Amino acid sequence: MTHAMLKGSNIPLAAETVRAELRWTPGQGVPDVDVSALLLGPGGRVRSDEDFVFYNQPRHPSGKVWRLGKKRVTEGLTDTIQSDLPGVEPDVGRILLVASADGVTFDQVPALCILLYDASAVDGEPLARFEIKPETGAETALICGELYRRGEGWKFRALGEGYSNGLKGLATDFGISVDESDVEESLPPVVPPLPPAVPQQPPAYGYPQPASAQPAYGYPQPQPVPVGPADPNFRLPPQGPQFIGR
């Protein structure tokens, strides 16, 4: 039997290995959605950055919490986190199940929900289903729910708490140190300005060239002969037989 969860409600978990499946309906203008997990220790914060399981770090070092990746199903798209609860380190008290939408608000993600399965039951019905409704429409990251210890066992609580500053803001709140270079890598590359245009030199025919002009194709260029005033005493030589037409 599947428990239809309301925000703030919880159920005990008898299953030891649970699969948390985030599901939504894709379409035109719908952003890509990613699921992540934060393992929280004493004080409700991560013990180190290794307690953040997401697309760039898909498996926790303990091997007990990991991403299964995206999958297309009849109802839409899914992204999934799986947890082996008995093997989770004793000082981890809560595992947050987080959705992020790559800077786009969740009011553009239709039919968003999280389903919890007993991973050992093949083709079993969900243990729980929580329909997630953003409260303001400006959320770009959501804490969908949490797995948390209660006595010797574990429980699941439906949350649906939103952040308007994305996965970075959410993760920072719980103690993850975000490298600013990761943000810079996501920005478009800076295109260096073009060098200033080199003015074209006038052609050599009939125009004096600057002294710094380089020879063309490795050969020195002839220097123009300066033209002065005409000599009044200049006379052409007398024409001889070499100028007589044939």
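The stops below go from the overall view to a sheet, a residue and a helix.

Before selecting anything, note that this is a predicted model, in which local features need pLDDT of at least 70, side-chain atom pairs count only at pLDDT 80 or more, and totals for chains, interfaces and linings use all residues. Numbering starts from 1 along each chain as its sequence is written, and side-chain values use heavy atoms, without hydrogens and water.

**Whole chain.** Colour by secondary structure to find 12 strands and 2 helices (DSSP runs: E of at least two residues for strands, H or I of at least four for helices, numbered from the N terminus). Of the 246 residues, 36% are buried (under 20% relative accessible area, 1.4 Å probe, protein chains only).

**The open sheet.** Next, select β2-β12-β11-β8-β4-β5, the order of an open sheet of 6 strands with antiparallel pairing (strands pair if DSSP finds at least two bridges between them). Its edges are β2 (10-13) and β5 (52-53), each pairing on one side only. Zoom in on β4 (residues 34-40), which is joined to β8 by 7 bridges; there V35 has A99 as its bridge partner.

**S100.** Beyond neighbours within four places in sequence, its contacts include D32, F106 and L167 (heavy atoms within 4.5 Å).

**Helix α1.** Finally, select residues 166-173: α1 lies across β4, β5, β8, β11 and β12.

Technical notes: Buried means under 20% relative accessible area, exposed over 50%, partly exposed in between (1.4 Å probe, protein chains only). Axes are lines fitted to C-alpha atoms, for helices over the stretch in contact, and angles run from 0 to 180 degrees between N-to-C directions.
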